[in-house]
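Subject: Structure handover

Hello,

Here is the structure I said I would pass on. My notes on it follow below.

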Amino acid sequence: MTTIAFIGSGHIGGTVARLAVAAGYDVVLSNSRGPETLGDLVGELGPKARAATAAEAAAAGDLVVVSIPLKAYREVPVEPLAGKTVLDTNNYYPERDGHFPELNDDSTTSSELLQRHLPESRVVKVFNNIFFRHLGALARPAGAADRSALAIAGDDAAAKEEAAAFLDAIGYDAVDAGALAEGRRFQPGTPVYGGPYAGDAANFWESPGVPASAETIRSGLAAAGR
């Protein structure tokens, strides 16, 4: 059984961990404050979960989810992630992360920054465009009429296939947005950021969650332009 490791176990990381355990995966959790602070989450998840340092989690994971503030991306362990698929949930929020000139002028994207930091890894952008409560609430079995889709972007076809298989296992279809640079099509401020899973409510976080089909996500990606 594949082990899913988490560098960052907050709202998104913790939600993905819950979905992964429900799907039968083992998970290894880490955060910036130390494994001893993850006792409650590990206890909730049960025997298929354990806590570790970020470096230990990176080494243990067959598939690794990075879910930390962008400003800390250089702290992600490099060597233990060599050759692995890394799922990047991040977004750029200047009010939280400070200003990155190369992101402000749109000459690159946040996931491309992580890919440069992890040159021997295969980064796939995913989970960044859905509110964590909706992510937990909208998972559905394969074939369900109300199954939702999530966008993915990456430069490695095999890594995107691995990401799509994981999404399928935890209850979501995948829509391939293209190369990692195309992650800008589902970053904050785009049509598929938050809104589709909230029925386009004015404040998406106030909605209990609305299924968003693969066609809905494809249309939103197309509407985002470059």
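Which residues lie nearest the centre of the largest pocket? They are Ser 67, Ile 68, Pro 69, Thr 89 and Arg 96, out of 29 residues that line the pocket.

Before the rest, two remarks on how to read this. This is a predicted model, in which local features need pLDDT of at least 70 and side-chain atom pairs count only at pLDDT 80 or more, while totals for chains, interfaces and linings use all residues. Residues are numbered from 1 along each chain as its sequence is written, and side-chain values use heavy atoms, with hydrogens and water left out.

Pocket and cavity

Rolling a probe the size of a water molecule over the atoms shows where empty space is left. The search runs on a 1 Å grid over the protein atoms alone: a cavity is a set of points where a 1.4 Å probe fits but cannot get out, a pocket is an open set with protein on both sides within 12 Å along at least five of seven lines, and lining residues have an atom within 4 Å of a point. Grid points are joined across faces, edges and corners, and a volume is the space filled by probe spheres set on the points.

The largest pocket holds about 700 Å³ of space. Helix 1 (residues 11-22) gives the most to its lining, with 3 residues. (Helices, H or I with at least four residues, and strands, E with at least two, are DSSP runs numbered from the N terminus.) By type, the lining of the largest pocket has 14 nonpolar, 13 polar and 2 charged residues. Here Ala, Val, Leu, Ile, Met, Phe, Trp, Tyr, Cys and Pro count as nonpolar, Asp, Glu, Lys and Arg as charged, and the others, Gly among them, as polar.

The whole structure has 1 cavity of 30 Å³ or more. The space in the largest cavity is about 40 Å³. Its lining consists of Val 66, Ile 68, Leu 70, Tyr 73, Asp 88, Asn 90, Ser 110, Ser 111 and Leu 114. Helix 6 (residues 110-117) supplies the largest share of that lining, 3 residues. The lining of the largest cavity splits into 5 nonpolar, 3 polar and 1 charged.

The sheet

In what order do the 8 strands of the open sheet lie? The order is 3-2-1-4-5-6-7-8, with mixed pairing. (Two strands pair if DSSP finds at least two bridges between them.) Strand 3 (49-51) and strand 8 are the edge strands, each pairing on one side only. From one strand to the next, the twist averages 25°, with axes as lines fitted to C-alpha atoms, for helices over the stretch in contact, and angles running from 0 to 180 degrees between N-to-C directions.

Strand 1 (residues 3-7) pairs in the parallel sense with strand 2 (residues 26-30) over 5 bridges. Ala 5 has Val 28 as its bridge partner in strand 2, and Thr 3 stands opposite Asp 26.

Strand 7 (residues 149-154) has 6 of its 6 residues buried. It is joined to strand 6 (residues 122-125) by 2 bridges, running antiparallel, and to strand 8 (residues 173-176) by 4 bridges, running parallel.

Residues in loops

Most residues other than glycine have a negative phi, and most peptide bonds are trans. Asp 106, not a glycine, has a positive phi of about 60°. Asp 106 is in the loop between helix 5 (101-104) and helix 6, and counts as partly exposed because its relative accessible area is 28%. Phe 127 also has a positive phi, near 70°. Phe 127 counts as buried because its relative accessibility is 1%.

Regards

Methods: Buried < 20%, exposed > 50% of the residue type's maximum accessible area, 1.4 Å probe, protein only.
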